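Here are a few notes for a first look at this structure. Please read them with the model open.

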Amino acid sequence: MKLLPVCLLIPVLSACSVLQPNTSSPLEDPQALSAENQENQLTADESEALSVAPETEDQEPATEEPALVPATSWDRIVDQFELAHDPSNARMKRHMDWYVRHPRHLEQVSDRARRYLHYIVSEVQRRDIPGELALLPIVESAFDPFAYSHGRAAGVWQFIPSTGKAYGLHQDWWHDGRRDIRSATNAALDYLEYLAGRFDGDWMLALASYNSGAGTVRKAIRKNSKKGLPTDFWSLDLPKETRAYVPKLIAISYLLEHRDEFDIAWKPVEDAPYFAAVPTGGQIDLSQVAELAETDLDEIYRLNPQFNRWATHPDGPHEVLIPATQEVIYQQNLAELADDARLKWNRYVVRSGDSLISIARKHNITADVVRSANQLSSNTIYAGQQLLIPSALKSGSSYNLSLSERLNRKQSAGRSSNRSQRVDYRVKDGDSFWKIARKYDTSVSKLTGWNGMAPGDPLRVGQKLTIWTTKSNGQREEVRKVFYQVRSGDNLSTIASRFNVKVSEIERWNASKLGGRYLKPGQNLTLYVDVIR
């Protein structure tokens with residue numbers, strides 16, 4: 001993926017993400033990075049086929065039938081189609097043939113889309129823009145709200161950090177607005193409308209610009225104009241990725257419109273709101289939200305993928321999305337919730353030699369979070385001072401789709417062979433991905449992939465990276481199985497610190513013994529400890 005220059009030095013958008021709030025915006029040449037192709041990384045249930053009851057012979061002909069209401073959100077999208085779908089077009093047909101040969105892909109993607117589709121198509125219809133735009137997240141992210149590309153693009157619409165911030169999609173330790181379904185959708189559609197206005201209502205050129213930047217498209221148009229050639233999308237000399245990007249969307253649109261002709265089981269999506277926005281009354285643990293809504297916690301994360309941690313943002317907005325069917329029971333349960341039950345706080349007494357950074361690292365949070373939670377105006381603390389530390393109500397592994405748990409799984413999955421050794425590396429001053437990769441005889445792409453990062457992501461001193469290598473670099477490792485008997489006053493954090501392992505590792509090694517329960521003195525735990533470190 002390539003970044004192209006942006007007019008007025010405004011931050012560049014990923015292939016799916018530079019946004020323009022309105023047609024009068026000062027952005028003259030916003031740029032987009034393309035999203036990483038995730039067609040082979042999907043999992044979902046098979047969808048069921050819709051059936052239509054046949055008419056009976058003795059049925060009386062109706063003299064006047066009311067207008068039919070679309071049966072699904074897919075039908076409403078098709079009703080709003082505006083672009084030309086020519087299956088004889090070789091560039092479009094190539095992608096259409098691929099999807100037909102791999103029907104599982106669109107079946108799985110359509111299952112992912114069911115949570116978000118009604119909201120997106122409703123916004124598309126409200127703006128009276130082509131229905132094909134509602135399918136763009138299939139091309140961008142395969143409708144994966146946790147998608148992250150090597151170009152640092154995130155969410156179903158794939159924003160890069162700088163562009164997300166420029167358009168109000170706030171990002172910090174707690175929250176990443178690029179993944180917010182409603183905010184990101186509205187921003188993406190704003191930008192697409194802006195581009196269409198720039199190209200005199202030509203949505204094909206607007207889509208091409210969304211992928212490679214308006215400047216790239218304008219340059220291709222000028223080049224053809226000088227040669228006396230047509231300047232429509234199909235005639236332009238555009239980057240290879242962009243030349244495939246728009247035909248891919250058109251191919252998907254054609255397959256949806258003619259789905260009865262192809263063996264692809266699109267997941268039926270009821271044309272009704274899937275989710276409802278409900279108030280929380282303040283910052284709240286997401287596991288508490290799940291209990292109030294009587295809903296699985298993973299479902300809460302999929303509806304609210306912007307939340308990186310175990311709780312909502314302390315500064316709000318104090319609302320969450322829950323399944324629409326659970327709104328009444330949620331409101332009833334919330335009315336009975338005690339004010340002090342929304343979040344868990346631990347008290348920490350500052351010791352001599354402590355710093356905000358060391359305290360934060362000890363509790364797996366950031367110094368900014370500690371400072372904000374305690375309304376500190378500076379980093380100055382003193383021995384004996386009491387600090388409030390926000391903490392999850394449940395064990396870390398319970399928050400399966402939080403940023404840290406997703407990263408743990410990615411890091412653990414990096415092992416390529418039995419000879420591979422895992423190295424937990426702390427970033428030092430002056431480090432770069434290239435230097436670290438060279439030291440451990442690996443590539444930057446593998447290093448960033450193991451750690452859920454992109455090559456352009458900044459490194460922080462003290463940040464821990466996972467490296468899988470067969471090269472020891474003088475770091476001998478000897479892992480032994482250790483049986484540890486819990487003592488009075490122990491908790492998972494103190495045990496993990498004592499043996500230089502992770503809390504999540506202890507939980508995984510002892511899943512059958514812990515089960516979310518508190519530790520008890522005398523309880524036996526199994527640990528795998530590197531006795532050399």
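1. Rings of Phe, Tyr and Trp (its six-membered ring) pair if their centres lie within 6.5 Å; planes under 30 degrees apart count as stacked, over 60 as edge-to-face and the rest as tilted. Searching the whole structure gives 13 aromatic pairs. This is a predicted model: local features need pLDDT of at least 70, side-chain atom pairs count only at pLDDT 80 or more, and totals for chains, interfaces and linings use all residues. Residues are numbered from 1 along each chain as its sequence is written, and side-chain values use heavy atoms, without hydrogens and water.

2. One of the pairs is Trp173 with Trp310, edge-to-face, at 5.9 Å centre to centre and 80° between the planes. The partners sit 137 residues apart: Trp173 in the loop between α6 (161-166) and α7 (181-198), Trp310 in the loop between α12 (297-303) and β2 (319-323). Helices (H or I, at least four residues) and strands (E, at least two) are DSSP runs, numbered from the N terminus. Trp173, Trp174 and Trp310 form one aromatic cluster.

3. Is Trp173 buried or exposed? Buried means under 20% relative accessible area, exposed over 50%, partly exposed in between (1.4 Å probe, protein chains only). Trp173 has 16% relative accessibility, so it counts as buried. Trp310 counts as buried too, because its value is 11%.

4. Tyr254 and Phe262 are also edge-to-face, because their ring centres are 6.4 Å apart and their planes lie at 70°. Tyr254 is buried at 11% relative accessibility. Phe262 is partly exposed, at 22%.
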